[in-house]
Amino acid sequence: MTLEDSIHTHRLRVLRDGERLGNVSEACRRHGMSRTLFYRLRKRFEQYGADGVHPKRRQARVGRPAAVPVQTERRVIAFALAWPTCGPQWYSDQLARDGVTLAPVTIWRLLRRQRLGTRAARLAVLEQYSATTTGLLTERTAKPTRHVEANQPGDLLSLDTFYVGKLKGVGKVWQITGCDVASSFAWARLVIGEVTAAAVLAFLREAVRPTYRQAGWRLRRVLTDNGKEFKGAFAAGCERLRIRVTRTKPRHAWTNGFVERVQKTILHEHWRIAFRRQYFTGHRMLQNSLDRFLQFYNHERTHRGYRLNGRTPATVFRGAVGA
């Protein structure tokens, strides 16, 4: 039974009860209907029978017709790709020659919906099409290569320092962060006060290299910026450990983007939450909190980047031992 049929049955029941009781007010009170509606329905029933009190069958309104027919829209896109350096006014003039009237602003809106609203966008589509059909014609159509690449853990380690903040009773807190480029496996150590080259070298020797050895990998190269903490004693120590040190260009922080992203994750997912949950009074409390988060980051937190595709860093980093 549809909703209209249910309403129709209810109205007939009210009319029957009104006739049976001989009291319209009582029948309307029992069924929750006004007397005005009762008399209106009874008049319809007397004139047209039972069908007269059936609810009006409402049809869905006809939708607004498309502003531009599909055939015309395809012709506009064809014009845009055939003459990508022209504009909506020129396309409108060409369509008018064939008897199709279309305002330039309508053509512009149509092209914008198709992401062809600018001359550069139309030229880019043309370049991509030419590259797939006739071969590479311009440098822009070449597949971009990643500026930092590593095939397996140990090929490249990104190192950086991060200022956590100045905590009351503790002092200035810095964080030394390392990230394996191939697996996103991360290390971090906190330093109270100034970060020196000796502190970074100690972090590399005591925290990072032993983890590589346990997993069966060898650390070959380190990528850093041009900070003073990555020169002097740090560079000499890496040379003794047979680790090649490469540096980013000045004002090119994105080259070391792997470790920059790890530091941003630690800031947003750990420190900004931890500082609102707990009052830290010393270096050991801070480092223990950071170590717990790194355990979660490396072994439990899945990564959706192109390197891991839903896996955890530990699954890739521990691959050598598993093999």
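This note walks through a predicted model point by point.

1. **Ground rules.** The model is predicted, so local features need pLDDT of at least 70 and side-chain atom pairs count only at pLDDT 80 or more, while totals for chains, interfaces and linings use all residues. Residues are numbered from 1 along each chain as its sequence is written, and side-chain values use heavy atoms, with hydrogens and water left out.

2. **Domains.** The domain assignment lists domain 1 (3-53), domain 2 (70-134) and domain 3 (157-318). Such bounds come from an automatic or database domain assignment. The centres of domain 2 and domain 3, taken over C-alpha atoms, are separated by 50 Å.

3. **Histidine 8.** Start with helix H1 (residues 3-21), where histidine 8 is found. Helices here are DSSP runs of H or I with at least four residues; strands are runs of E with at least two; both are numbered from the N terminus. Histidine 8 has a relative accessible area of 13%, so it is buried. The cut-offs: buried is under 20% relative accessible area, exposed is over 50%, and partly exposed lies in between (1.4 Å probe, protein chains only). Leaving out residues up to four places away in sequence, histidine 8 touches Ala50, Val53, His54 and Pro55. Contact means heavy atoms within 4.5 Å.

4. **Glutamine 89.** Helix H5 (residues 88-97) holds glutamine 89. Its relative accessible area is 45%, so glutamine 89 is partly exposed. How far apart in space are glutamine 89 and cysteine 28? They are 67 Å apart, C-alpha to C-alpha, and 61 residues apart in sequence.

5. **Aromatic pairs.** Rings of Phe, Tyr and Trp (its six-membered ring) pair if their centres lie within 6.5 Å; planes under 30 degrees apart are stacked, over 60 edge-to-face, and the rest tilted. The count by this rule is 17 aromatic pairs. Why is the pair of tryptophan 187 and phenylalanine 317 edge-to-face? Their ring planes stand at 75 degrees, with the centres 5.7 Å apart, so the pair falls in that class. This pair links distant parts of the chain: tryptophan 187 lies in strand E3 (residues 186-192) and phenylalanine 317 in helix H12 (residues 313-317), 130 residues apart. Tryptophan 187 is buried at 7% relative accessible area. Phenylalanine 317 is buried at 0%.

6. **Other aromatic features.** Phenylalanine 230 and phenylalanine 234 also form an edge-to-face pair, with ring centres 5.7 Å apart and planes at 75 degrees. One aromatic cluster is formed by Phe79, Trp83, Trp90 and Tyr91. Then look at tyrosine 306: the charged end of arginine 307 sits over its ring, 5.8 Å from the centre. That call requires NZ of Lys or CZ of Arg within 6 Å of the ring centre and within 35 degrees of the ring normal.

7. **Serine 158.** This residue is found in strand E1 (residues 157-167). Is serine 158 buried or exposed? Serine 158 is buried, with a relative accessible area of 0%. Its side chain makes a polar contact of 3.0 Å with the side chain of asparagine 256. A polar contact is a pair of N or O atoms within 3.5 Å; within protein, one must be able to donate a hydrogen and the other to accept it, and residues adjacent in sequence count only if both atoms are side-chain atoms. Beyond its neighbours within four places in sequence, serine 158 has contacts including Thr177, Leu223 and Phe258.

8. **Positive phi.** Serine 184 is not a glycine, yet its phi is positive, at about 70 degrees. Serine 184 lies in the loop between strand E2 (171-180) and E3. With 4% relative accessibility, serine 184 is buried. Asparagine 309 also has a positive phi, near 55 degrees. Its loop runs between helix H11 (283-299) and H12. Asparagine 309 is exposed, at 53% relative accessible area.

9. **Nonpolar cores.** A nonpolar core is a set of buried Ala, Val, Leu, Ile, Met, Phe, Trp, Tyr and Cys residues joined through side-chain atoms within 4.5 Å. The largest has 27 residues; Val173, Leu190, Ile266, Trp271, Leu286 and Leu290 touch the most other members. E1, E2, E3, helix H10 (257-277) and H11 each give two or more residues to this core. H10 gives the most, with six. A second, separate core has 25 residues, among them Ile176, Val191, Ile243 and Ala314.
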